[in-house]
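Hi,

Here is the structure I promised to pass on. Have a look first, then read my notes below.

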Amino acid sequence: MALRVTVWGENVHEQTNEVVARIYPTGMHQCIADGLNESEALSATAVTLQDLEQGLSEETLENTDVLLWWGHAAHGDVLEETVDRVQKRVLQGMGLIVLHSGHYSKIFKRLMGTTCSLKWREAGERERLWVVNPGHPIVQGLGDYLELPHTEMYGEPFAVPNPDEVIFISAFEGGEVFRSGLTYKRGNGKIFYFRPGHETYPIYYDEQVKRVLKNAVLWTQPEGARWIDSCPNIPADQAPNPVEIKGESLHKPGEEGFK
């Protein structure tokens, strides 16, 4: 059975900027989904901020193994209840791939617990993404680096927690460097941040970028049973070993606690 992939895009620049509309006539989200669907192992569907329930209903997320997120101009329009639903599924085991300017998305900042800020410049300069972890599944099929002739620069410091693994480090024509491929585990879910994807360049048509995204989906797919985070109150008479109740209690046996 093919992995169920949902590609979420805010779909704003495609409607308001003629350069982006020309490069991605069906939307960046659809271009990314089309690239993933080149693999028989993946079944990708594109949704947008403008869809019902911002494209990420309980039903959609329930039927998603891996979610890709691209946002930029409309981070503030994403509702907190949408973020809550996505966070819940990541903790349960759904994979999450955050792309480019999604570093400032509400979901990424919540899962990281930091500002996720960085330096940046739009000058169409060359970027080389050096593979620093060649044995990792995400970089299989690549050489020592992948090169993009025109990109937006992101520079360090990148205000994120220390990652579990660094997969790529970018070197830009102007001299800056950036940790462009980072992995994290939150709850039962795996997260991959991948830097390339500025909307005024045809980056998501690049064969090496598409290879990275296909590999990343396979790597972030759920593993093991779904983790349901419920924080139950276990009564004393249900403890594995006998327990003598001592003193007074705030809660009755089995009563739900405060959250």
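Which residue in S9 stands opposite leucine 99? Phenylalanine 194 does. Before the rest, some background: this is a predicted model, where local features need pLDDT of at least 70, side-chain atom pairs count only at pLDDT 80 or more, and totals for chains, interfaces and linings use all residues. Residues are numbered from 1 along each chain as its sequence is written, and side-chain values use heavy atoms, with hydrogens and water left out.

5 of its 5 residues are buried, so S4 is largely enclosed by the rest of the structure. Buried means under 20% relative accessible area, with a 1.4 Å probe and protein chains only. Gly95, Ile97 and Leu99 point one way, while Leu96 and Val98 point the other way.

S4 has neighbours, too. Strands pair if DSSP finds at least two bridges between them. S4 runs parallel to S3 (residues 66–70), joined by 5 bridges, and pairs with S9 (residues 189–194) in the parallel sense over 4 bridges.

Among the buried residues of H5 are Val83, Val86 and Val90. Just after H5, glycine 93 takes a positive phi of about 140°.

Cheers

Notes:
Buried means under 20% relative accessible area, exposed over 50%, partly exposed in between (1.4 Å probe, protein chains only). Helices (H or I, at least four residues) and strands (E, at least two) are DSSP runs, numbered from the N terminus.
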